[in-house]
Amino acid sequence: MVRAVVQITLFGLLLTLVTTQPNKDDWDIYSFHINSTVTSRYATTVITSRVANRMEESKEIEFHVRIPKNAFISKFRMFMDGQVYDGVVKAKEQAQQQYTQAVSRGQSAGLVSSVGRTLEEFKTSVTVAAHKKVTFELTYEELLKRKLGKYELQIHARPMQPVKDFKVDVYIHDTASISYIEVKGDLSTEALANAITKTHTDKQAWVYFYPTEEQQKTCGSCGNEGMNGDLVIVYDVNRDTSLGHITSSSGYFVHHFAPSSLPRIPKNVVFVIDQSGSMHGRKIEQTRIALIHILNDLKEDDYFGLITFDSSIFHWKRKLVQATKRNLESAKNFAQNIKDRGATDINSAVLEGARMLNANPRETSASILILLTDGDPTTGVTALKTIQSNAREAIGGKFPLYCLGFGFDVNFDFLKTMSLQNNGVARRIYEDSDADLQLKGFYEEVATPLLTDVTMIYLGGTNLTQTNFSQYYNGSEIVVAGQITDNSLDTFIPQVVAISGNRKMIFSDSNATVESTGAMSEDRIQRVWAYLTVQQLLEKELQSSETEKEKVKKEALELSLKYSFVTPLTSMVVTKPPGENTDVLHKPKEGETPELELGLVQAYQKASSPRLIGGTSVISRVHSHGYSHSPKAPRNRVMMHRKPPLIGGSRDFQLPHISGLLLQGGFDAQISRFDNLPAPTVIASSPILANDYDDDVQNAVAVTTSSLIDEDESLPATATSVPLVHRFLLKTENQSLPLCFDVTGNMGLKLLHQPSRELSINGELDSEEKGGFSRIVIHFRTDQYVEIDTREIIVHDGQRAIHHTGEDLITAGSVTVIKRQNEVDVAAGDIRIVILLQEKSGIEFLWPVLRQKSSDNSTEGILVLKPAVYQEVQQTPLTKLIINDQEIDVTRSRAVDYSIIFPPTLDCWLMSAESALQRPLDDFIVSQI
């Protein structure tokens with residue numbers, strides 16, 4: 001992971017070169033939030049770091065994160081001394097000219113980039129005055145690609161020091177139901193496992209990661225500099241229709257096509273393996289291991305060929321043979337004896353592989369040519385364009401060519417262009433201990449063809465992205481976006497035509513509906529279209545003739561500027577405070593080394609003075625496969641006004657597209673309510689609320705309050721007084737529905753009690769119908785407690801009371817309280833609780849959410865109830881559940897989960913409190929909170 005850096009295919013790196021590295025001991029990262037929102041497989045992630053200079057003099061403060069390589073950075077901002085320093089996307093030449101002029105004026109300039117397997121690095125710094133603060137905000141976006149039957153969202157956490165207020169919030173919403181969700185990565189194991197909470201409903205899922213400051217020092221990938229590792233959110237969706245899912249908004253559509261339950265197509269595959277001298281040692285050894293594993297995976301109805309090459313061609317067999325047990329054993333013996341030697345004749349090897357496939361056509365099969373090499377051609381035909389032309393002519397569009405480049409000595413652009421010209425892709429294989437697994441993993445992606453000659457047809461559609469695909473593989477997905485002519489869904493008819501074995505298949509559905517995303521994703525679908533279009537234009541440029549290149553490049557540049565994408569054709573210029581240095585943010589090319597790029601900077605710097613004056617910073621991209629949203633678009637800003645605010649103070653607050661998570665992270669904010677902003681599909685409109693739970697770990701409780709009246713019922717014009725009712729939701733693990741029960745009256749409840757720490761957290765239910773908690777009190781020592789309501793936080797110490805309405809960190813005894821506009825974070829030992837400010841029909845209330853449960857088993861209270869386990873017994877007219885061998889009458893009802901800022905409505909089994917709790921309700925009632 002030394003090379004690795006965060007997975008954002010967009011943009012490069014912003015780093016100021018200084019004579020000495022900033023000393024991280026001089027500043028305090030007091031808040032570090034990562035908020036990621038995934039809507040219809042498109043992720044927007046915002047990293048927000050708030051840093052304070054605690055020293056008596058100005059200090060250089062650094063922002064250093066890693067982002068996914070397959071994403072676009074869409075925004076970078078700095079907030080300092082009441083000023084916002086924004087980035088502006090310009091044509092690359094224009095931005096580079098501005099940068100060069102800055103250098104020639106004697107300003108210091110820096111450019112650093114690095115590329116890893118999945119991550120790229122973003123790094124910048126700024127000078128902050130003594131006892132002042134700066135907020136960095138980086139936004140990046142990516143379209144998640146389905147591989148091997150799953151989507152993966154990678155989040156890299158590396159704040160550079162343990163942080164009191166560290167959290168990751170992930171929200172996933174899809175038009176299809178989510179079939180499963182898992183959390184993997186080196187930050188999901190051992191000491192950090194109980195810091196993860198996940199929630200999953202039909203079409204929505206939430207993942208929270210809230211490690212304590214102590215955990216950030218002691219986990220396997222942690223240390224004195226805090227965490228350094230990945231959280232990987234893995235999920236997939238159900239596919240109810242063979243036509244796939246089509247979503248539209250504002251005249252644009254995106255079509256996700258991934259049919260399942262299709263018979264596999266037998267394949268013809270030829271492996272072309274480089275055995276030249278440069279493959280010596282570990283490379284050739286790992287290639288042998290991977291090849292033997294791959295041969296073991298071939299099916300008996302597959303046909304295959306195997307050739308190796310250096311300056312000559314070596315055949316295992318001169319024609320394709322069936323993958324019988326006998327043939328496979330013979331091929332594995334051949335693979336085991338591959339030896340490195342000689343030069344590299346790529347041209348002859350590729351042509352021979354193509355000849356073998358062309359000589360053995362099978363109408364009911366799918367053909368694949370796979371090339372593995374670690375270097376440039378050194379013998380035979382060595383002109384790269386000639387080799388590409390020869391390969392293209394020999395293959396003739398009949399099958400894809402996949403090129404695997406082993407290590408960094410290979411000309412990856414050459415392999416990529418040759419693959420693209422032949423309907424394939426290129427993949428770098430990294431020289432590491434798992435190189436054989438990388439090779440095998442790539443093969444698995446193409447091991448099971450299900451369709452060939454796939455054509456996506458859209459009557460009533462225009463400006464379409466790629467619509468023809470040579471093959472569709474099991475576990476993958478085809479994505480097409482475009483515009484709907486005249487925005488008329490009535491005349492928009494999608495259809496897919498493909499070949500399955502020896503028969504033609506047509507995927508269509510006369511009753512299919514194109515699902516509209518509504519205001520929530522008003523420009524998101526359009527951005528998916530723009531992203532795919534720019535990406536494909538950049539790939540087309542690689543394959544185009546010199547005369548066509550300029551036309552393609554111009555079109556890609558215009559789209560990049562229109563949508564504020566940082567691509568190989570654009571750069572982002574960031575204005576910095578007067579007296580600051582100039583940085584260059586450069587999107588590194590696959591395989592490009594930092595040293596090469598630093599050389600460019602150093603060449604500029606030779607004629608310049610080392611003085612630090614003035615400043616702009618340029619963010620440029622040399623290679624991209626992603627897209628980003630415009631930093632100017634108002635709908636990308638979620639603001640919400642609430643009166644009175646939970647916490648005082650107001651500042652700009654940049655949030656991701658989906659508001660639910662957003663309000664939990666980012667900048668201290670004056671929040672304005674979403675006029676143009678999308679909200680989750682299901683938004684609470686009933687008077688119910690619920691507490692959080694953890695379906696994985698132990699904190700599986702969800703508390704919900706509500707009136708007994710359902711959402712679709714209305715009160716009569718004149719209603720008699722009814723008892724005040726709050727509804728609570730008790731989440732379950734792997735059960736069809738959660739449980740819910742009602743509590744009558746505005747009483748005090750024991751939320752959490754930990755006797756060993758003398759810690760108690762109690763809540764007072766409000767007196768409003770449809771309400772929640774009016775006050776929450778945290779007791780941590782005799783005569784010392786923290787009181788929280790919707791207006792302020794009060795710290796009581798004996799007879800003294802200190803009122804807090806601003807947004808800052810409060811420490812009271814062993815309890816740390818961090819206040820924000822719409823929530824309060826509470827940390828006490830290994831317990832972390834978030835108290836959300838919720839609102840229903842103009843009435844505000846609090847709702848506590850347990851984000852991390854204590855390892856102390858003596859902890860008790862509403863928030864730490866274990867998930868309910870029951871057996872469902874179907875009876876007429878009533879349904880019964882069996883819990884702990886007791887039969888309980890239940891009715892189906894609903895509750896809204898208020899543990900989430902924009903709560904989903906959940907169906908639930910309604911029962912008595914005693915039945916749900918399996919103990920008397922009185923055990924949770926306190927006379928004084």
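**View 1. Phe253 and Phe492 are both buried.** Buried means under 20% relative accessible area, exposed means over 50%, and partly exposed lies in between (1.4 Å probe, protein chains only). The model is predicted, so local features need pLDDT of at least 70 and side-chain atom pairs count only at pLDDT 80 or more, while totals for chains, interfaces and linings use all residues. Residues are numbered from 1 along each chain as its sequence is written, and side-chain values use heavy atoms, with hydrogens and water left out.

**View 2. Aromatic rings form pairs.** A pair of aromatic rings is described by the distance of the centres and the angle of the planes. Rings of Phe, Tyr and Trp (its six-membered ring) pair if their centres lie within 6.5 Å; planes under 30 degrees apart count as stacked, over 60 as edge-to-face, and the rest as tilted. By this rule there are 26 aromatic pairs. One of them joins Phe63 to Phe76 and is stacked, with 6.1 Å from centre to centre and 25 degrees between the planes. Phe63 belongs to strand 4 (residues 59-68) and Phe76 to strand 5 (residues 72-80), so this pair ties together parts that are 13 residues apart in sequence. Strands here are DSSP runs (E, at least two residues), numbered from the N terminus. Phe63 counts as buried because its relative accessibility is 2%, and Phe76 counts as buried at 1%. The ring centres of Phe253 and Phe492 lie 4.8 Å apart with planes at 50 degrees, so that pair is tilted. Phe253 is in strand 20 (residues 252-257) and Phe492 is in the loop between strand 31 (478-484) and strand 32, so the pair ties together parts that are 239 residues apart in sequence. Ring pairs also link Phe72, Tyr252, Trp529, Tyr531, Tyr563 and Phe565 into a cluster.

**View 3. Lys133 and Arg428 sit over aromatic rings.** A charge sits over a ring if NZ of Lys or CZ of Arg is within 6 Å of the ring centre and within 35 degrees of the ring normal. Lys133 lies over the face of Tyr30, 4.8 Å from the ring centre. Arg428 is over the face of Phe408, 4.3 Å from the ring centre.

**View 4. Glu142 and Lys819 are buried residues in strands.** Glu142 is in strand 10 (residues 133-143), and it counts as buried because its relative accessibility is 3%. A polar atom of the Lys819 side chain lies 3.3 Å from the backbone oxygen of His804.

**View 5. Strand 32 pairs with strand 28 and with strand 33.** Two strands pair if DSSP finds at least two bridges between them. Strand 28 (residues 449-459) and strand 32 (residues 493-500) are antiparallel and share six bridges; Leu459 has Ile493 as its bridge partner. Strand 32 and strand 33 (residues 503-507) are antiparallel over five bridges, with Val496 opposite Phe507. Strands 32 and 33 form a hairpin with two residues between them, and Gly501 in the turn has a positive phi of about 65 degrees.

View 6. Strand 39 (residues 739-744) runs parallel to strand 54 (residues 905-910), joined by two bridges. Leu739 stands opposite Trp909 of strand 54.

Methods:
Helix = DSSP H or I, 4+ residues; strand = E, 2+ residues; numbered from the N terminus. Polar contact = N/O pair within 3.5 Å; in protein donor to acceptor, adjacent residues only side chain to side chain.
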